[in-house]
Amino acid sequence: MLLDRIRSWAEGNKLVPREQSGFRTNCLLPTRVLSIFQEVQNNLAANVPTLAIYVDYEKAFDLVWHSGLLVKLSRLGMPTSLLKIIHSWLGNRTAHIYYGQTKSEVFKVQVGLPQGSSLSPYIFVVYHSDLVDCLGAHSGHLFADDLCVLIRAPIQKSFKSLVNYLEVEGSKVCDRIADYSNRWKQPINVGKTVAQLFYSQIRKPTVDIYMLGQKIAIVDSFKYLGFTWTSKLSLKPTVNRSLQNIQRALGKLKWLRSGRILSKSVLRSCFFAYVFPHFAWIFPFFPSSPQHTKKHLRGNIFRCPAPISFVLTSFDRGP
């Protein structure tokens with residue numbers, strides 16, 4: 001009930017930015033992935049490199065600053081009645097630590113959102129709803145505490161000037177994000193924060209990106225939001241992994257089907273629970289895939305043993 005009231009207040013006042021897809025209705029994970037893919041693909045079609053910065057927060061939900069959260073919610077205009085409930089919900093929390101047979105003294109907990117609560121993730125989303133403001137004109141993509149910043153260089157006379165712009169602007173954005181995190185006591189794991197350069201040129205450009213004076217790693221491939229991002233924006237790693245998961249899940253369904261009596265409803269439920277989610281990763285990217293990828297998908301999905309026809313024939317045969 002409290003979550004519904006807070007969601008109604010936040011969504012009604014349009015506090016949560018559209019760049020945030022985590023723990024919101026009608027905001028799916030594949031939709032966020034597809035929006036990143038299309039933006040980078042458009043830049044590559046114009047022969048413009050794109051710098052992606054993947055920010056890793058250190059124990060994001062466990063280190064939310066209670067006082068800062070209440071101040072932020074008050075500034076956002078949360079009704080006093082809801083604010084008092086949040087204060088009561090977070091206040092007077094204690095904890096102790098067990099190490100073997102030794103128990104520590106009880107201490108007060110002044111950071112972190114309660115684990116297991118349906119309210120905690122959404123409160124985190126509202127708490128950092130203004131994070132995109134420090135990105136300037138660059139696009140940000142958020143799914144709960146996962147942040148990806150895409151920096152596109154403006155049209156320049158030479159390719160070297162494009163790369164130089166990405167270096168300078170990338171370090172500026174990293175420092176602004178770090179300043180925001182320091183102000184609201186939401187630590188960033190700089191060691192796990194990485195950057196990636198999407199490019200269409202033959203030779204790989206070299207960039208150096210810094211956050212708080214520390215050089216962050218530049219990767220050629222990175223798994224973000226369940227999608228494997230490569231510097232050339234190849235769909236092959238994600239497609240191959242999805243096909244492997246589909247074949248593995250279908251093998252389990254066949255094993256359940258062989259020599260056993262399963263109703264249509266059970267088989268259908270198993271299919272949509274364990275097989276169909278892997279199709280969800282492929283369907284959005286199929287129209288924009290190159291011809292060789294489409295041919296690869298048709299050969300594996302619609303010819304070798306076809307999962308859809310397998311399920312349909314199983315339904316037709318009955319239990």
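1. Lysine 185 sits in the loop that runs between α6 (159-183) and β8 (194-198). Please keep in mind as you read that this is a predicted model. What is the phi of lysine 185? The angle is near 55°, a positive value in a residue that is not glycine. To see why that deserves a look, remember that most residues other than glycine have a negative phi. Lysine 185 has a relative accessible area of 45%, so this residue is partly exposed.

2. Where does asparagine 47 lie? Look in the loop between α2 (29-45) and β1 (50-55). Its relative accessible area is 44%, and therefore asparagine 47 counts as partly exposed.

3. Now turn to the inside of the model. In soluble globular proteins, nonpolar side chains tend to be buried together. Here the largest nonpolar core has 56 residues, and the members that touch the most others are Ile6, Ile86 and Ile177. Which elements each supply at least two residues of this core? They are α1 (2-12), β1, α3 (66-75), α4 (80-90), α5 (119-127), β7 (146-152), α6 and β8. Helix α6 gives the most, with 8 residues. A separate core of 34 residues lies apart from this one, and its members include Val194, Ala249, Leu267 and Leu297.

4. Leaving aside residues up to four places away in sequence, what does isoleucine 86 touch? Its contacts are Leu2, Ile6, Leu70, Leu73, Met78, Leu119 and Ile123.

5. Next come the charged pairs. Side chains of opposite charge can pair when their charged atoms come close. How many salt bridges are counted? The count comes to 5. In one of them, glutamate 11 meets arginine 24, with 3.0 Å from N to O. This pair links distant parts of the chain, 13 residues apart: glutamate 11 belongs to helix α1, while arginine 24 is in the loop between α1 and α2. Are these two residues buried or partly exposed? Glutamate 11, with a relative accessible area of 29%, is partly exposed, whereas arginine 24 is at 17%, which is under the 20% cut-off, so arginine 24 counts as buried.

6. Another salt bridge joins aspartate 130 and lysine 72, whose closest N and O atoms are 3.1 Å apart. Because aspartate 130 is in the loop between α5 and β6 (139-143) and lysine 72 is in helix α3, the pair ties together parts that are 58 residues apart in sequence. Lysine 72 has 4% relative accessibility and counts as buried, while aspartate 130, at 24%, counts as partly exposed.

7. Lysine 215 and aspartate 208 also form a salt bridge, and their closest N and O atoms are 3.0 Å apart. Lysine 215 is partly exposed at 48% relative accessibility, and aspartate 208 is partly exposed at 27%.

8. Alanine 280 is in helix α9 (residues 276-282) and is partly exposed, at 25% relative accessibility. How many residues separate alanine 280 from aspartate 146 in sequence? The answer is 134, and in space the two are 20 Å apart, C-alpha to C-alpha.

Notes
Residues numbered from 1 in each chain as written. Predicted model: local features only at pLDDT ≥ 70, side-chain atom pairs only at ≥ 80, totals over all residues. Heavy atoms only, no water. Helix = DSSP H or I, 4+ residues; strand = E, 2+ residues; numbered from the N terminus. Buried < 20%, exposed > 50% of the residue type's maximum accessible area, 1.4 Å probe, protein only. Core = buried A, V, L, I, M, F, W, Y, C linked by side-chain atoms within 4.5 Å. Contact = heavy atoms within 4.5 Å. Salt bridge = Lys/Arg side-chain N within 4 Å of Asp/Glu carboxyl O.
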